[in-house]
Amino acid sequence: MFDVLIIGGGVSGISCAMVLGSAKNKSFVSSKKIGILTHQKTSSLQEALFNNAYGIPPGKLGSELLIESIDHLSNTYPHILQIPEEKVLKIEGHYPEFTVVTNKNTYKTATIVIGIGSANTFAIEGLMQFVEPHKKALPEKQRIQLKNIDHKVADGIYVIGTLAGWRSQLTIAAGSGAAVATDLLTLWNEGIQTHSHDSIRK
């Protein structure tokens with residue numbers, strides 16, 4: 001049983017996992033079980049080239065960044081369980097116990113964070129009632145998003161990145177994932193606003 005299961009190994013999903021991972025020493029996080037389904041095959045980063053993203057060297061390929069981010073997560077926050085090469089087909093149940101069915105396995109989780117792309121091929125059973133046209137994409141692209149208020153779709157279900165209605169920009173997607181991570185940290189901290197970052201200050 002996961003406390004949170006992140007669906008998607010792109011920018012928003014990995015960013016969410018990294019912020020949650022960085023809070024591992026906080027008393028209200030230390031016992032939490034966090035997992036991420038790191039499926040990346042359909043990520044828009046596969047064909048991306050970055051010259052305008054903060055902190056990323058000019059000329060960096062998105063395909064390289066995808067691999068490096070998975071390694072970063074593994075090496076820095078190994079307590080977060082990575083589940084590769086599985087695609088989510090169905091979500092059943094209600095908060096605080098969902099069942100996530102993939103093409104290979106079934107998982108139980110209290111909370112779900114969905115960070116996959118906004119292509120209109122989206123077909124996760126149990127979430128189709130939340131699908132609507134993307135409000136910030138060109139109509140001819142036929143992008144979709146999940147209905148949400150400040151990333152929250154329903155109790156225990158959050159959406160991040162382009163599927164949350166944000167534009168396709170790396171730094172925007174990363175911020176979206178980090179925002180939901182801090183919302184979860186706040187929830188776990190009994191509603192007391194919190195976040196996590198490292199510092200060299202003594």
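**Close-up views of a predicted model**

**Figure 1. Lys135 counts as exposed, at 65% relative accessibility.** The model shown here and in the other views is a predicted one. The side chain of Lys135 meets that of Glu132 in a salt bridge, with N and O 3.4 Å apart. Side chains of opposite charge can pair when their charged atoms come close. In the whole structure, a search finds six salt bridges.

**Figure 2. A network of salt bridges links Lys60, Glu64 and Glu68.** Lys60 counts as buried because its relative accessibility of 16% is under 20%. Glu68 counts as partly exposed, at 37% relative accessibility.

**Figure 3. Glu92 and Lys90 form a salt bridge.** The closest N and O atoms of this pair are 3.6 Å apart. Glu92 has a relative accessibility of 37% and counts as partly exposed. Lys90 is also partly exposed, with a relative accessible area of 26%.

**Figure 4. Helix H1 packs against helix H2.** H1 comprises residues 11-22 and H2 residues 62-76. Their axes lie 10 Å apart and form an angle of about 15°, which makes H1 roughly parallel to H2. The crossing of the two helices is left-handed. On the side of H1, the contact is made by Ile14, Ala17 and Met18; on the side of H2, Ser69, Ile70, His72 and Leu73 take part. Of the residues in this contact, five are nonpolar, two are polar and none is charged.

**Figure 5. Ser12 is a buried residue of the model.** Ser12 is placed in helix H1. Its relative accessibility is 5%, so Ser12 counts as buried. When neighbours within four places in sequence are left aside, Ser12 is in contact with Gly115, Ile160, Gly161, Ala173 and Gly177.

**Figure 6. His94 lies in strand S6, and a cis peptide bond joins Tyr95 and Pro96.** Strand S6 spans residues 88-94. His94 is exposed, with a relative accessible area of 65%. From His94 to Ala23 the separation is 71 residues in sequence and 26 Å in space, taken C-alpha to C-alpha. For the cis bond between Tyr95 and Pro96, omega is about 10°. Pro96 is placed in the loop between S6 and strand S7, which covers residues 97-102.

**Figure 7. Asp150 has a positive phi although it is not a glycine.** The phi value of Asp150 is about 50°. Asp150 is found in the loop between strand S10, residues 144-146, and strand S11, residues 152-154. The relative accessible area of Asp150 is 59%, and the residue is therefore exposed.

**Figure 8. Glu190 has a positive phi although it is not a glycine.** Here phi is about 55°. Glu190 lies in the segment after helix H3, which runs over residues 170-188. With a relative accessible area of 76%, Glu190 is exposed.

Conventions
Residues numbered from 1 in each chain as written. Predicted model: local features only at pLDDT ≥ 70, side-chain atom pairs only at ≥ 80, totals over all residues. Heavy atoms only, no water. Axes fitted to C-alpha atoms, helices over the stretch in contact; angles between N-to-C directions. Helix = DSSP H or I, 4+ residues; strand = E, 2+ residues; numbered from the N terminus. Parallel < 35°, antiparallel > 145°, perpendicular 65-115°, else oblique. Left-handed = near helix turned anticlockwise from the far one by under 90°. Contact = heavy atoms within 4.5 Å. Nonpolar A, V, L, I, M, F, W, Y, C, P; charged D, E, K, R; others polar. Salt bridge = Lys/Arg side-chain N within 4 Å of Asp/Glu carboxyl O. Buried < 20%, exposed > 50% of the residue type's maximum accessible area, 1.4 Å probe, protein only.
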